[in-house]
Amino acid sequence: MFTSVLAVAGYTLPAAVPPQVGMPLRGASPLMKDYPTPKGIFKTDNYLEGQALSEKIAAYAWQGEKKTVAVIGGGLSGLACAKYLADAGHTPVVLEARDVLGGKVSAWQDADGDMIETGLHIFFGAYPNMMNLFQELGIEDRLQWKAHRMTFAMPQLPGEFTSFDFPDGVPAPLNMAAAILGNTEMLSLLDKVRMVPGLLPMLLEGQPFIDAQDELSVKEFMDKYGMPETVNEEIFIAMAKALDFMDPDRMSMAVVLTAMNRFINEADGSQTAFLDGGQPERLCAPMVDHVLSRGGEVRLGAPLAAIEVGDDGQVACLRLADGSSVEADLYVSAVPVDVFKKLLPASWSTMPFFRQTEELIGIPVINVQLWFDKKLRSVDGLCFSRSPLLSVYADMSTCVEEYADADRSMLELVFAPATREVGADRNWIGASDAEVVAACLGELSRLFPGEIGGEGGAELLKHAVVRTPRSVYAATPGRNRYRPSQATPVPNFVLAGDWTSQKFLGSMEGAVLAGKLAAEVIADRAAGRAAATSQ
């Protein structure tokens, strides 16, 4: 069906993609190759919508009363909120509990000078507000764009990979159709045809259909639309573990459909990029510089003890752990939902608006970095491991400029699911570093047979295991209705964070957008205007 559509449109379907096409042969040294920024990302409706919001906020710099705004949390959402508040002429004061910025994207140096990262963070073409942010800060050259393909390990052929290759110059949704039809290693033609009944309503009805599927798990949705189990085994398990660190039978189908909708409708939406170094320096620092240059303030090592509420029910001040207090005109919480619930004042906890946050909880995940004494055969880009223990991984010595090494590999892996509650065979969050690393090496021996350990194989030089017991909110069925808006019933208090209501899920893009929407709420109010509906 799709083949004939492509032919009518004047496009030729690429030949079936055999394992390892466009990938290094065994024993060959992979080379880092960056690609031009995909131009299509600046033409999408979502990008233009994000750009218009940036311009609207910046136009407030000459309007309304200027406010001092205390922002709790120096992660992406808090920093984005501060950046846009500064653009609107307000004075943000960011309070970060730790000595490092970035929150869930934070990183720091170990004793050897190597960067230890909280997670493996990938940027997609379908991140419009993030792309706007890079443009506005003048740091778009820090993104290292990779070939437009999705690469999967092949469990039945250890050491081999296959991929969905997106053809250049083919518009959406035809380029994804070509990528899927051109791969014969993962799904049969019948499997692909049987996917259509479930995906067609998404294409025809858009976001209303996607939102309505939030009550269904991936498995329930597949059963409802007659999708074969092979689609789950080959595609959805990998997507669920990458998107929300859990197995698909526990995850809302709205998450998968949201990602697929962006990838299908935006020609460059699924193309990926790596930041050329650690996020605190390469992304967070420019935001801090932007805030400071406009009179704002960013404080590290400033943990919050309590949100103090006055007799009128509004925030009176923030009490810090050292006993000092911070007073401002307005306050923004940009901390993860689990932290927010601990800080929530008792007098607010019975309000339905705040009480609904009890239905949201962060999901556990583990990030693992492994340094080897030799270069492994790898891919210059993100790989879906399709392993029961690992989600996605990348050889950062091949993908990222700051970590480049022609002689030794450094693999970064997302270990998920990490607890029984989200599909793991045991509580890996509570396991020792040695146990986690041993499990990773066992899985890697399948991905790189004969290359790790044993005679002549690469030996592990060192490792880093970073556990995040509560990461992005767990997108289990029915959670979307509990995600609060940025505007709250408390007049001088606003929410940010990727768990608040916005259309880009728990992600870096969602964090930036939520911070931007929180800044819009404040800018609108300061200018005497009602806030617009959130994106």
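Visitor: What should I know about the model and its numbering before we start?
Guide: It is predicted, so local features need pLDDT of at least 70 and side-chain atom pairs pLDDT 80 or more, while totals for chains, interfaces and linings use all residues. Residues are numbered from 1 along each chain as its sequence is written, and side-chain values use heavy atoms, without hydrogens and water.

Visitor: Okay, in what order do the strands of the open sheet run?
Guide: The order is E10-E2-E1-E14-E20, five strands with parallel pairing. Strands here are DSSP runs of at least two residues, helices H or I runs of at least four, numbered from the N terminus; two strands pair if DSSP finds at least two bridges between them.

Visitor: Which strands stand at the edges?
Guide: E10 (297-299) and E20 (493-495) do; each has a single partner strand, so one side of each lacks a neighbour in the sheet.

Visitor: And how many bridges join E14 and E20?
Guide: Three, in the parallel sense, with E14 covering residues 330-333. Tyrosine 331 stands opposite phenylalanine 493 in E20.

Visitor: Switching topic: is leucine 204 buried or exposed?
Guide: Exposed, because its relative accessibility is 66%; exposed means over 50%, buried under 20%, and partly exposed in between (1.4 Å probe, protein chains only).

Visitor: Where is leucine 204 placed?
Guide: In helix H6, residues 189-205.
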